[in-house]
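I opened this entry to record what I looked up on cores, helix packing and chain contact.

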Amino acid sequence: MKNKSIVFIAALVVLITLISAANVFSASYIYYGSTDTQAIKTIQTKLKNWGYYTGSVDGIFGYQTEQAVRYFQSKNGLTVDGKVGNETFKALGMMSYVSSSSSSSSSGSGSYTSESDVMLLARVVNGEARGEPYEGQVAVAAVILNRVEDDAFPDTISGVVYQNGAFDAVADGQVNLTPNDSCIRAARDALNGWDPTGGAIYYYNPETATNQWIRTRPIICTIGNHVFCK
Amino acid sequence: MKKNILIGILCAALIIVGIWAVINSSNVNSYKTAMEISADKEYSALTACALELSNTLEKCSVSADSAYTAESLAEISSLAARAQGLITGLPLSHIMSSSTVEYLSQTQEYAKYLSYRLFEQGGDLSEEEKKALESMSASALVLYNELASFAEDVAADDFKWYSKNKAFFFDDVNGHFVDGFSAMEESFAEYPQINYDGKYSDHLNEFTAKGLGEGEYNSDMLLEQIKASLGDKAADYEIKHISDNASDIASSAYSVSDGTDIFTLNYSSTGGNLLSAISNITVDESVLTTDEAIKAASEFINKLGLKDMVFSSASNADNITTVKFVYMKEGVKCLMDNVSVQVSMADGRILGYEASDYYNYHDEARTIEQPQITAEQAAEKVSKDLTVSDTALTLLQTDGKNELLCYEITASKEDMLFKIYIDAETGAERRIVRVINNENGTSVF
């Protein structure tokens, strides 16, 4: 009985150690066992078209796909690790998957935003609202853009996103995850002028919000799990 | 033997965890130090910036030379923008600094507006404008004094860090900083109103939509309106009232589903106008040409009853083309009265619609003044390096949401295309946008 406990504790300690170490390598990579089928299909299609991959385009990142990625990386002067990260995404021409830590500011007239702005918005939407209805995803992106236009907030998208404590997805690092197609489209729609909130600058989840101040803001509407307010 | 192996595994695991903990602890300390240095640096830069802002505002208020005043105002705008960027970068909560940020934003835009006017027209500042600048100067001094009084504490590391929702904020041990900052925030919240033709002018708080029309529609009436618009097909859809929205344009939202796809429609309570439609439909292929998508979008807005709308631009992403139209009155394009329509490039189906700008700014009673210069005279105002290809009268919206009659001059330099807006009254260059046409449509910036 005592031995079993020791084995269990030892296994637990080793497991925790391995999980801690593994966290360092997670995020922004697609590799053996990843589940982002859409991205994997795109990778497989490109590798197949260019003669690096002979398997089927099935959205499963298995041994064959990893070998094809390694082959592609070695032929293109990239670090050969079998993982698709920023450099490999760039070489594959999958710019929408390239993580960006900075974004250029929008112009004063707000008439144009760069692709990096789209992706930054999409990553926040992914972190904050990926389980929400599509309209709720557009609404979260619109809140960020409404803040850019509001005098009480920074006047760039990156300034608003990275304002201290503004978004949980930034604080907990989820902003660095690769956004899905729905979040990217939601970001584009918001940048094209769609705003289901009609001008909200705050939102919160009434089930989980602990900030009492935000509950005092005038409510505009509720979409999915989020309450949007002025 | 078995027991020794287990003890060995346990010891090895403990050693690994111990080493990992030491490395991790060292890293955490390094990160904390780096974070503190960064915050100290931002705080020092903000304090210096507030002092310079205060000094420049004071100098500006005693200048008798128009050119010097204009230059000082440009510097004030730049300093206020910098201070705004620095304060929003500090580890303070938004609630703690929002009034200060509002003050800095308005100072930035007001100084920019005055600077531009003096550069263009010369002359002096009015007494009212001088008074507003004096008030801004006094506030900048309050900001500097408050920041300076805690500069020593920040540098001496008398601040503690606290974590809230995984974000880190700083707070002083004795609470003086928070109290001082709160008092300063209250003084900024009582800041006098300033009206000017620019962003953040107080007159914008009074803005109401101009184009909604008449009649009040409750959610039941709007529901019937949706059913009527679907006609015989209404029975094929599940139509639900989702919410009443207390946005700037009061509205009601509805979901319309055919069992597969869901559209969310938003109708204004005044006038019963369709403000927006949004759907989560994805499109896998692109079959139509951009011209076909524009035609489909045009037919859609005609069905909605919007008149005198002309094509403005089209852009494509994810096999969906977003087509923008603007209202034209008496041959003048009114850029602010715009609508956007999303069209599936697979089959021409309408996937989205957005008309908030149209209903906010469309004014049937709008009168358009006669231009004081001719199109030829306007074309002569643009750079000689450009080749002019088109000229059109346009109503432009200023930052203060006023309307300005301009000539829109389309011109190119080598392979770069520009639209240059020349004031139809004064001939001044008001705005330049660069236009990029590619396989995905048109982008302007």
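My notes follow by topic.

I worked on a predicted model, where local features need pLDDT of at least 70, side-chain atom pairs count only at pLDDT 80 or more, and totals for chains, interfaces and linings use all residues. Residues are numbered from 1 along each chain as its sequence is written, while chains are lettered from A and ligands numbered from 1 in the order in which they are written.

Core. I found 128 residues in it, with A:L121, A:A141 and A:A187 having the most contacts inside. Helix α6 of chain A (residues 134-149) gives this core its largest share, 10 residues. Helices here are DSSP runs of H or I, at least four residues, and strands are runs of E, at least two, numbered from the N terminus.

Helix pair. I checked α6(A) against helix α9 of chain A (residues 181-191): their axes, lines fitted to C-alpha atoms over the stretch in contact, come within 8 Å and cross at roughly 50 degrees.

Chain contact. I counted 46 residues from chain A and 54 residues from chain B in the contact, which takes C-beta atoms, placed from the backbone, within 7 Å. On the side of chain A that touches chain B, α1(A) gives the most, 9 residues.

Notes
A nonpolar core is a set of buried Ala, Val, Leu, Ile, Met, Phe, Trp, Tyr and Cys residues joined through C-beta atoms within 7 Å. A residue is buried if 20 or more other C-beta atoms lie within 10 Å of its own, exposed if 12 or fewer, and partly exposed in between; C-beta atoms are placed from the backbone. Axes are lines fitted to C-alpha atoms, for helices over the stretch in contact, and angles run from 0 to 180 degrees between N-to-C directions. Two residues are in contact if their C-beta atoms, placed from the backbone, lie within 7 Å.
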